[in-house]
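Please examine the sequence and the structure shown here before reading on.

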Number of protein chains: 2
Amino acid sequence: MTMAKRDTYTPDSLLAVAVEVFIERGYDGTSMEHLSRAAGISKSSIYHHVRSKEELLRRAISRALDGLFGVLEEPGATGGRAIERLEYVTRRVAEVLLDELPYVTLLLRVRGNTDTERWAMERRREFDHRVAELLMEAAADGDLRPDVDIPLATRLLFGMINSIVEWYRPGRGTSRDEVAEAVVRTAFAGLRTS
Amino acid sequence: MTMAKRDTYTPDSLLAVAVEVFIERGYDGTSMEHLSRAAGISKSSIYHHVRSKEELLRRAISRALDGLFGVLEEPGATGGRAIERLEYVTRRVAEVLLDELPYVTLLLRVRGNTDTERWAMERRREFDHRVAELLMEAAADGDLRPDVDIPLATRLLFGMINSIVEWYRPGRGTSRDEVAEAVVRTAFAGLRTS
DNA sequence: CCTTGCCCCGACCGATCGTTCGGTTACTCT
DNA sequence: AGAGTAACCGAACGATCGGTCGGGGCAAGG
């Protein structure tokens with residue numbers, strides 16, 4: 001009746017292993033041989049769980065994108081003054097990035113060599129655009145320092161948030177919430193009026 | 001007598017072509033076939049100018065590192081109050097990054113798969129450490145907001161600066177000096193006291 | 001004219017790439 | 001016990017990888 005838990009790979013648990021290797025060696029720098037060694041099963045066995053190497057990438061990237069776009073649907077991102085929504089989104093994006101660190105890391109490193117990668121880049125641009133609109137609204141409300149260049153500020157804001165994937169390691173140093181808080185505080189000190 | 005200029009490749013002019021392809025496709029995602037097509041010469045001809053694919057990477061990375069470490073030797077980085085030196089270094093690093101954009105881009109994307117890449121990562125860490133020291137000095141002088149976490153602030157500062165390589169394209173949008181100025185202003189608004 | 005040396009080429013090397021295939025194990029269900 | 005199947009494996013596929021090799025074209029110097 002109840003399906004007994006077996007200690008074997010599911011597509012998702014295999015994905016978790018694969019993503020770690022992708023991050024360490026880069027997607028193109030990772031061979032199926034590398035993956036099989038890290039997973040402890042043979043190269044051909046991997047194909048029992050997933051169709052291809054690229055499917056692993058697609059699954060990982062989808063998970064990251066779902067998390068990021070999900071933030072834009074949350075109440076804090078849809079109601080209230082633009083500057084407040086912007087601050088909410090900034091904090092939540094940082095949190096999602098920290099919670100789904102390996103998957104978002106992979107998303108941010110995609111270069112556009114395959115159809116999957118180009119699709120990921122397009123979705124990412126779309127997300128950035130949505131946040132840029134928030135910045136424009138906040139500027140129209142007069143809640144941003146008058147001398148900020150909106151497109152430039154958007155770039156630098158994302159640059160700061162996204163850089164987290166380059167150095168954050170869970171359990172070492174600053175905690176998740178502290179990082180998110182520091183990002184919000186540092187970024188908005190340079191943006192907000194008063 | 002005078003060596004007539006011939007329109008043929010030098011190791012450096014070939015490097016410029018190769019670096020562009022490396023950035024577009026990623027180092028591991030670039031084959032010598034890709035390089036030969038971009039350079040307009042055959043694959044084997046490339047080996048007349050450079051010893052290997054990895055030598056191209058090493059040359060590019062060296063150029064980036066020389067530029068960055070060079071900043072630390074400039075007068076503005078060695079004399080005066082720590083907070084002033086920090087601001088000088090921040091601006092100059094942004095400028096060097098913009099001037100040597102493709103080479104620094106490559107440096108920042110290295111993952112550590114080969115000896116060359118591991119060497120690059122070590123030199124980079126060394127550079128980051130030098131700047132982190134400046135932050136500590138400035139904090140000791142009481143010129144930084146008392147609530148800033150020094151290691152964290154260092155990460156975010158570099159995150160913002162380094163993100164430039166992800167979006168800046170010369171001749172499009174904001175100018176070199178405007179970008180450098182915006183980085184300094186935005187970053188120091190969140191760091192400096194008063 | 002002929003030689004020298006730089007720049008380039010096509011053909012090819014062994015190794016490794018992502019993927020496929022036929023078959024074996026081990027567990028579940030009847 | 002026997003049937004069915006999920007999970008796995010070694011061997012091998014054609015393609016492509018980074019790199020080598022011997023030689024050809026051509027401008028410069030004699």
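Predicted model: local features only at pLDDT ≥ 70, side-chain atom pairs only at ≥ 80, totals over all residues.

Residues are numbered from 1 along each chain as its sequence is written, and chains are lettered from A and ligands numbered from 1 in the order in which they are written.

Chain A is superposed on chain B by a rotation of 180 degrees with 0.0 Å of shift along the axis, at an RMSD of 0.0 Å; the superposition is by least squares on the C-alpha atoms of residues with pLDDT of at least 70 in both copies. The two copies are therefore related as by a two-fold rotation axis. Within chain A, A:Met160 has the C-alpha nearest this axis, at 2.3 Å. Both copies use the same surface, since 100% of the contact residues of chain A recur in chain B. Here two residues are in contact if their C-beta atoms, placed from the backbone, lie within 7 Å.

Chain A itself is divided into domain 1 (11-49) and domain 2 (58-189), with bounds that come from an automatic or database domain assignment. Five residues of domain 1 and six residues of domain 2 of chain A take part in the contact between them. On the side of domain 1 that touches domain 2, four residues are nonpolar, none is polar and one is charged. In this classification Ala, Val, Leu, Ile, Met, Phe, Trp, Tyr, Cys and Pro are nonpolar, Asp, Glu, Lys and Arg are charged, and the others, Gly among them, are polar.

DNA strand D is surrounded by 18 residues, and the closest are A:Ile41, A:Ser42, A:Ser44, B:Ser31 and B:Ser44. A residue is near the strand if its C-beta atom, placed from the backbone, lies within 6 Å of it. Helix 3 of chain A gives the most to this surface, with four residues; helices are DSSP runs (H or I, at least four residues), numbered from the N terminus. By class, the surface near DNA strand D has five nonpolar, eight polar and five charged residues.

Finally, B:Ala140 is placed in helix 8 (residues 115-140) of chain B. B:Ala140 counts as exposed because it has 10 C-beta neighbours inside 10 Å, where 12 or fewer other C-beta atoms within 10 Å make a residue exposed, 20 or more make it buried, and values in between make it partly exposed, with C-beta atoms placed from the backbone.

How values were computed:
Helix = DSSP H or I, 4+ residues; strand = E, 2+ residues; numbered from the N terminus.
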